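Here are my notes on the model you sent over. Have a look at the picture first, and then go through the points with me.

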Amino acid sequence: MADFFKKVVTETKEFTDKSIFNRGSKISFGDLLSGNFLSKGRFYRHIPLFGLVIIFFLASVALRFSCESKIAEIDNLQRELRDVKHEALTLSSELLGKSKQSQIKFLLSQKDSSLNILDCPPFVIELY
């Protein structure tokens, strides 16, 4: 186990002692324009981080698109619900208007029906 740690320490020292990773190797504006910064070890060392940032960015875009589509669907369903409620209220008021006693009398008088409105209240017949 101790040999493993010694090996890791020596490899780390060798890795940090290389000249391309020293603080003296800075990236200049010319390196950025020419693309030479891609060949330097500093960039390659951070490739996993760049990949992770790209993955998070793509996940963020995908989640935003998903949320926006769900919000649009919710808006459409709320509009449809409001329309259905309005239609139900309209039909209910029409039914209430048609079932009024005065409206029924008017309809019966137009059809010359033998049905009449009771003059005396109904009574309950009790059976023993």
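1. A definition to start: contact means heavy atoms within 4.5 Å. With that in hand, Leu 108 touches Ser 113 and Leu 115, leaving aside residues up to four places away in sequence. Leu 108 sits in helix α5 (residues 101–111). With a relative accessible area of 22%, Leu 108 is partly exposed; the classes are buried under 20% relative accessible area, exposed over 50%, and partly exposed in between, using a 1.4 Å probe and protein chains only.

2. A word on the ground rules. This is a predicted model, in which local features need pLDDT of at least 70 and side-chain atom pairs count only at pLDDT 80 or more, while totals for chains, interfaces and linings use all residues. Residues are numbered from 1 along each chain as its sequence is written, and side-chain values use heavy atoms, with hydrogens and water left out.

3. On confidence, pLDDT is the predictor's confidence in each residue, from 0 to 100. The protein has a mean pLDDT of 81, and 81% of its residues reach 70 or more.

4. The secondary structure comes to 5 helices and 0 strands. Here helices (H or I, at least four residues) and strands (E, at least two) are DSSP runs, numbered from the N terminus.

5. How much of the protein is buried? Of its 128 residues, 3% count as buried. The accessible surface is about 12200 Å², and 65% of that belongs to carbon and sulfur atoms; areas come from the Shrake-Rupley method with a 1.4 Å probe, and for residues only the protein chains shown count as cover.

6. Now the charged pair. A salt bridge is a side-chain nitrogen of Lys or Arg within 4 Å of a carboxyl oxygen of Asp or Glu, and the count is 1. Arg 64 and Glu 68 form a salt bridge at 3.1 Å, N to O. These two residues are 4 apart in helix α4, so about one helical turn separates them. Arg 64 is exposed at 58% relative accessibility, whereas Glu 68 is partly exposed at 43%.

7. Leu 52 lies in helix α4 and is partly exposed at 40%.
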